[in-house]
Amino acid sequence: MRKIQLLALLCAVSAGLAGCASKQIVRAAPPSVSTPPPAETSPMPPPETPPPMSTTEEPAPEVPSPALPPSPAKRPPAPRRPAPAETADPTPAKPAPPQISPQLSARDLQATKTNTTTNITTAEQNLQLANGKQLSPAQKDLTEKIKGFLSQSHEAIMADDWVRAQNLAEKARVLSAELVKSF
């Protein structure tokens with residue numbers, strides 16, 4: 001019975017000393033961020049072995065000390081990319097990302113077009129009411145937002161994206177109604 005206890009104690013001590021507590025988990029940096037290589041760490045000193053127990057029975061077999069984990073290797077610095085040469089054409093080389101819009105039936109498309117043009121007309125009429133009036137800074141900001149939504153709505157119509165145009169025209173109409181109320 002004594003040998004079993006001694007063996008269990010020896011296994012527990014060796015498992016405790018060889019545990020994962022000293023391992024470090026390092027997450028890689030995102031590719032767009034360059035980080036300096038990690039500083040070298042000094043190797044850990046070997047763990048202390050417990051003093052041998054004095055017993056009258058035969059001594060336990062000597063357990064070899066666990067190997068030290070390898071020190072992390074230094075990564076070479078990321079290669080520097082040369083700055084892109086400026087060309088005579090200042091336009092970007094990438095095409096615009098495609099717009100994803102829902103497919104509408106002929107009836108829904110006609111209703112959307114009608115609703116969009118009505119909202120744009122109403123917003124523009126309300127904006128005309130603000131012309132010639134002394135506007136507060138908040139009202140001036142509101143008129144700029146309305147103009148921005150109307151501009152974006154017209155761009156969406158040119159791109160044949162009627163759902164987005166309708167949403168933007170609705171925002172412009174609601175803001176223009178708020179502007180008229182503030183007079």
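**Burial, core and salt bridges**

Tutor: Of the protein chain's 183 residues, 13% count as buried. The model is predicted: local features need pLDDT of at least 70, side-chain atom pairs count only at pLDDT 80 or more, and totals for chains, interfaces and linings use all residues. Residues are numbered from 1 along each chain as its sequence is written, and side-chain values use heavy atoms, with hydrogens and water left out.

Student: What makes Asp-161 count as buried?

Tutor: Buried means under 20% relative accessible area, exposed over 50%, and partly exposed in between (1.4 Å probe, protein chains only). Asp-161 has 6% relative accessibility, so Asp-161 counts as buried.

Student: Why is the contact between Arg-164 and Asp-161 called a salt bridge?

Tutor: The term requires a side-chain nitrogen of Lys or Arg within 4 Å of a carboxyl oxygen of Asp or Glu. The N to O distance for Arg-164 and Asp-161 is 3.4 Å, so the pair qualifies. Arg-164 itself, at 31% relative accessibility, is partly exposed. In general, side chains of opposite charge can pair when their charged atoms come close.

Student: How many salt bridges does the structure hold?

Tutor: The structure holds 4. Among them is Glu-170 with Arg-173, at 2.5 Å, N to O. These two are 3 residues apart in helix α4, and therefore separated by about one helical turn. Helices here are DSSP runs of H or I with at least four residues, strands are runs of E with at least two, and both are numbered from the N terminus.

Student: What makes a set of residues a nonpolar core, and which residues form the largest one?

Tutor: A nonpolar core is a set of buried Ala, Val, Leu, Ile, Met, Phe, Trp, Tyr and Cys residues joined through side-chain atoms within 4.5 Å. The largest has 11 residues: Ile-120, Ala-123, Leu-127, Ala-130, Leu-135, Leu-142, Ile-146, Leu-150, Ala-169, Ala-172 and Leu-179. The largest share, 4 residues, belongs to α2.
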